[in-house]
Amino acid sequence: MPLIIPMPCHGLHRRPVPNHRMVPMPAAARATLPFSAAEDAAAELFGSLRQQLGQVPMAFLDSSDHARSPAPHRSRYSILAFSLGRYAHTADLAQDAFGWLAENWKYDAAAPPQVPPGTEQSQPAFQLGWVGWIGYEEQARLFRATHAVVIDHHSHTADVQWLAGDPQAEGLDWVERVRAAVEALRPAPALVSDAPGRPVPRLEQFSLRDARGAYLSKVRQAQRQIYEGNSYEVCLTTAVSGRLRGCPWEVYLRLRQHNRAPFTQFIEFPPRPASPAEAILSTSPERFASISAAGTIRSEPIKGTRPRGSTPETDAAQLADLYRHPKDRAENVMIADLVRNDLSIHAVPGSLRTERLCAVESYPTVHQLVSTISAQLPPRVSRARALADAFPPGSMTGAPKISTMEILRRLETGPRGAYSGAAGWFSSTGACDLAVLIRTAVLTEVPSPGAPVPAALPASSAPPALPGLVAESAEDRPQTQHSLGMTEGKRFGGEAPAWDFHLGLGGAITADSDPEAEWQEIVTKSRGVLGALKAVFPHQD
C-alpha cells in the first residue's frame, strides 16, 4: 500500500470562539537596568519577585543553560512574566486554543519592525502579551503578561516592562521593585540545598499508566500499523503519576540544576473557582516553533539522543554513533520532512528552507540530533493559524501526522494534557516562541483537609496583595490560602502541600524498533526528572 501524507487539517473547520470581554490594554512602558552575570541570577530574581507578588499567574521562561550552551543565540534571553492589576486576565480553555488565540493575540502584522538581516535572534522580541501552555488536545491555560523582566544574558541587562496607566497598580513601582530585587542578588546564589531543616520535596504513591507488558504490546501494535502502511513512525507515550509533597518552586530548582536546557520553564496558576492551582515544571531542550516579529517561522525538531560518555573517548564514540546510526537519522529525517510539510502550508513560495539536517548538539548530559526548518509567513496569514497547522509537534506524533494521531488515539489509554504540547509566549509584536513540553512534570494541587474551598469574591472586596495592587482583574480571582504564593513553608498544621504529579514519557516506534529497547528508553528518559527528586522509576511487569 502506498503511503499518502495528508495535508494537516487542524484548524480548517474550527468553530468561532467567542471573544472574552477584556479591558483594552494601554501602551507598554520599558526601562533598562544593569544585571548580574551570575549563572543563576535570573532564577534568584524570579524567586524574590514570586515571593513578593504572591497569588498571581506567573512564569519563568528560563534559558538555564545560557552559561554553557553550545548554541548561545538560543539561550540569550530569560523572561520573567506576571499578570496583575486591572489588566490581568487568565484564559482556561477546554479546547480550540488556537482559535482563541486567533481572536485574542493582537499585533500589527501589516507593519512589522524593520530588523537588519541576520540580527533577528539578537532582538528582545518579547514585549508583553500572552504566556502559558497549550496541551496536546488543544486545551490551554494562558495569562496576559502585564509586567515582565527580560534578562539579556549576553549584554547583562534587564529590560523591565509594564503596562502604563493602570490605576490598580499605581502603588507598585515596578521599576523600583525590580531594581531593589536586582541589587539584593548574591554573587553566587546557592538555590538548592539539602541542609538540615530545609524542606525537601518528596514523591510518593507512584503508579504507571502502562506496565511493562502492556507497553511492549502497544509497541508491537504500533509496528503492525507501520507494516500495514498506515504510518512510518509512531511516537507512543505513557505516563508516571504520583503524589508530590513540597513547594513547586523548590522542585523546579532541583530539576533545572540537574537538567539545564535552553527552554526550561516554570509556569504557575493560582486556584480559580473552576480550576485548582497548577504548576508546569519543564526542562525541555526542544523548540516547537518560533515566529519573529517580521514573520519568519522556525521549528527545530529533535529525534535521536545519546548519553554523554564518562571519558573523552567514550563521549566521542557516543556522538559518532548518534550521528551515523541509520535508525536515529531516519527518525530525524522523517520528522524534518513532516515539519517542512506543516510549514509549507502558509509559506511564501520559495522561502521554505532546511537550515540544518541531523546536526548534533551536545549538552551537559546528552548529545542530540536536531534539524532546523524555517519559512516566511505572508502578512495576511494569521500567525495563530500557522501554528495550529503545525500542531501538535511532529516529534511527538510521528508521520504521517493525521493517520498516526488516529493510531495513537486507539493505543494510548489516557489524555496527554499539557505533556507533548507546547509552552511559551505570544508577544504584542507578533513574535512568539514555544517549546515542546517534554521532560516536564505537571503538578495539580490537592486540597488539604480543612482548606477553604475556592469561591469567587467580588473584585472590590478582595484584599490587595500589595499596597495599591489588587490580586486579580474583574474576572475575580479567589482569595484562598495555598502554596503558590508561599515559599517552602508548610501549612495546615505543618503538613507539606500535596500535589498530583504527572510525568509523560514517550519514544518513537519504527519498523525495526526492539520493543524491550523502547521500554528501556522510557525508563532512561524518566531519570532526568525522577533522579533530580531522588526517586526511582516504579517498575511494574
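Axes here are lines fitted to C-alpha atoms, for helices over the stretch in contact, and angles run from 0 to 180 degrees between N-to-C directions. Helices (H or I, at least four residues) are DSSP runs, numbered from the N terminus.

This is a predicted model, in which local features need pLDDT of at least 70, side-chain atom pairs count only at pLDDT 80 or more, and totals for chains, interfaces and linings use all residues. Residues are numbered from 1 along each chain as its sequence is written, and side-chain values use heavy atoms, with hydrogens and water left out.

Start with helix α5, residues 248-258. Nine of its 11 residues are buried, meaning under 20% relative accessible area with a 1.4 Å probe, protein chains only. Among them are Trp-249, Tyr-252 and Leu-255.

Now look at helix α10, residues 515-532. The axes of α5 and α10 come within 8 Å and cross at roughly 130°. The two helices are therefore oblique to each other. Oblique covers the angles left over once those under 35 degrees (roughly parallel), over 145 (roughly antiparallel) and 65 to 115 (roughly perpendicular) are taken out.

Which residues make the contact? From α5 come Arg-254, Leu-255 and His-258. From α10 come Gly-528, Val-529 and Ala-532. Contact means heavy atoms within 4.5 Å. Of the residues in this contact, three are nonpolar, two polar and one charged.

Move on to Phe-98, in helix α2, residues 97-104. Is Phe-98 buried or exposed? Phe-98 is buried, because its relative accessible area is 2%. The C-alpha atoms of Phe-98 and Ala-388 are separated by 5.9 Å. Along the chain, Phe-98 and Ala-388 are 290 residues apart.

Technical notes:
Buried < 20%, exposed > 50% of the residue type's maximum accessible area, 1.4 Å probe, protein only. Nonpolar A, V, L, I, M, F, W, Y, C, P; charged D, E, K, R; others polar.
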